[in-house]
Amino acid sequence: MFVGEALINREVLINLFDIRQEDIDKALEVQKEVGGYIGQILIGFGLITEYQLISALSQQLNIPLFDSDAFRGIDTTLINDISGQLDIDYLLKQNFLPIARQDSDVTFLTNNPIKGHAIDYITRGQCHRVQLFLATERVITELSRP
């Protein structure tokens, strides 16, 4: 059974992160009251880290984790090329950072792969296919700085 936004599997939370059922129930109550993603609520409770959440999502959704050690840096021409087609500020607010391009395929880092409106926006532009890598918000923020 999946929890919250149908992304985080209850068994993964219990088995992988040793989270108690009571903690999941409490997080679900908070989610009902104030909204938000269950993973973010669990991070707020201090029960998991953002990296643990991203790792679990990577496994469940079959989206690769970004390897910052192997990354050589963003080609500045990529941002310039894409900014002629897409609003980079909007993408960064959605935590979608373009890191590579090959023809009309663009690779993005994100910490929230279910932001469908961001992916729809990208695919409506001239970027026909989107490849995602998962990264923490900190990594995305650091890489997006000039």
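**A chat about loops and helices**

Mentor: Gln-85 counts as partly exposed, at 26% relative accessibility; buried means under 20% relative accessible area, exposed over 50%, and partly exposed in between (1.4 Å probe, protein chains only).

Trainee: What kind of model is this, and how are residues numbered?
Mentor: This is a predicted model, where local features need pLDDT of at least 70 and side-chain atom pairs count only at pLDDT 80 or more, while totals for chains, interfaces and linings use all residues. Residues are numbered from 1 along each chain as its sequence is written, and side-chain values use heavy atoms, with hydrogens and water left out.

Trainee: Okay, where is Gln-85?
Mentor: In the loop between α5 (76-83) and α6 (88-93); helices (H or I, at least four residues) and strands (E, at least two) are DSSP runs, numbered from the N terminus. Gln-85 is 39 residues from Arg-124 in sequence, and their C-alpha atoms are 9.8 Å apart in space.

Trainee: New topic: is Asn-112 buried or exposed?
Mentor: Asn-112 is buried, with a relative accessible area of 9%. Its place is the loop between β4 (105-110) and α7 (116-124).

Trainee: What does Asn-112 touch, leaving out residues up to four places away in sequence?
Mentor: Asn-112 touches Tyr-37 and Phe-96, where contact means heavy atoms within 4.5 Å. The side chains of Asn-112 and Tyr-37 are also joined by a polar contact of 3.1 Å. That term means a pair of N or O atoms within 3.5 Å; within protein, one must be able to donate a hydrogen and the other to accept it, and residues adjacent in sequence count only if both atoms are side-chain atoms.

Trainee: And what about phi for Asn-62?
Mentor: Phi of Asn-62 is near 55°, a positive value in a residue other than glycine. Asn-62 sits in the loop between α4 (50-61) and α5, and is exposed, with a relative accessible area of 70%.

Trainee: Asn-95, then: buried or exposed?
Mentor: Asn-95 is buried, at 12% relative accessible area. Asn-95 has a positive phi of about 60° although it is not a glycine, and its loop runs between α6 and β3 (96-102).

Trainee: Last one: which residues of α1 meet α2?
Mentor: Arg-10, Leu-13 and Ile-14 in α1 meet Gln-21, Ile-24, Asp-25 and Leu-28 in α2.
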